[in-house]
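Colleague: I would like to go through some details of this model. Please take the questions one at a time.

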Amino acid sequence: MGIEEHLPGGLLLTTVEKAAGYIRAHSVWTATFGLACCAIELMATGGPRHDLARFGMEKLSNTPRQADLMLVSGRVSQKMAPVLRQVYDQMSEPKWVIAMGVCASSGGMFNNYAIVQGVDHIVPVDIYLPGCPPRPEMLLDSIVKLHDRIQNMKLGLDREREVTELEEARLETSVLGSRRLESRRRPAGSARIGESPPRPPGR
């Protein structure tokens with residue numbers, strides 16, 4: 001039995017962060033950026049079979065000032081990259097990006113000078129969705145994961161503290177990984193760069 005059992009009906013216990021996160025997560029409007037065949041799967045997701053409107057996302061907007069989620073579906077050419085960035089800059093804060101398909105995530109099979117090798121070279125990406133093309137169920141799953149991330153997002157100083165802690169943790173992980181890789185490549189008994197070689201025993 002908690003304190004909530006003794007409260008009168010109609011009273012909610014929550015925090016500002018949780019309330020704002022719930023509202024944000026369930027009112028995401030998308031700025032569609034369909035560039036190739038993945039856009040067909042995106043259109044199918046909005047149809048009656050999969051019903052994107054269940055998540056309050058039936059408004060696939062072409063006006064970036066009314067959108068807070070960019071769905072990049074398909075390969076991004078070097079010619080289209082500045083337009084993509086301009087649309088992203090016109091979106092309202094806070095905003096998120098889903099890279100739909102392997103071409104948007106990493107360039108896919110188009111490993112040449114004309115295609116951007118991953119849309120994260122142009123805009124920050126929150127969710128990478130693999131597949132060529134990914135099915136509508138996969139897109140719905142990525143949207144649900146993004147909703148969960150938005151709902152649990154910190155606000156204000158807590159958000160800055162969370163970002164700092166994540167960056168420090170990633171730096172520590174990358175440093176530890178590089179040291180392990182270096183120790184595997186380095187032969188036994190050899191010294192690291194800047195270290196004196198080990199002395200033989202008894203001297």
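Colleague: Is aspartate 141 buried, partly exposed or exposed?
Modeller: The model is predicted, and the value is computed from it. Aspartate 141 has a relative accessible area of 39%. Buried needs under 20% and exposed over 50%, so aspartate 141 is partly exposed.

Colleague: Which side chain meets that of aspartate 141 in a salt bridge?
Modeller: Side chains of opposite charge can pair when their charged atoms come close. Here the N to O distance is 2.7 Å, and the two residues lie four apart in helix 5, about one turn of the helix. The partner of aspartate 141 is lysine 145.

Colleague: Lysine 95 forms a salt bridge with glutamate 93; which of the two is buried?
Modeller: Their closest N and O atoms are 3.8 Å apart, and a salt bridge is counted within 4 Å. Glutamate 93 has a relative accessible area of 64%, so it is exposed. At 12%, the buried one is lysine 95.

Colleague: How many residues of strand 4 are buried?
Modeller: Strand 4 covers residues 96–100. Trp96, Ile98 and Met100 point one way, Val97 and Ala99 the other, and all are buried.

Colleague: Which residue of strand 5 stands opposite alanine 99?
Modeller: Strand 4 runs parallel to strand 3, with five bridges, and methionine 70 stands opposite valine 97 there. Strand 4 also runs parallel to strand 5 (residues 127–129), joined by three bridges. In that pairing, opposite alanine 99 stands tyrosine 128.

Key
Residues are numbered from 1 along each chain as its sequence is written. This is a predicted model: local features need pLDDT of at least 70, side-chain atom pairs count only at pLDDT 80 or more; totals for chains, interfaces and linings use all residues. Side-chain values use heavy atoms; hydrogens and water are left out. Buried means under 20% relative accessible area, exposed over 50%, partly exposed in between (1.4 Å probe, protein chains only). Two strands pair if DSSP finds at least two bridges between them.
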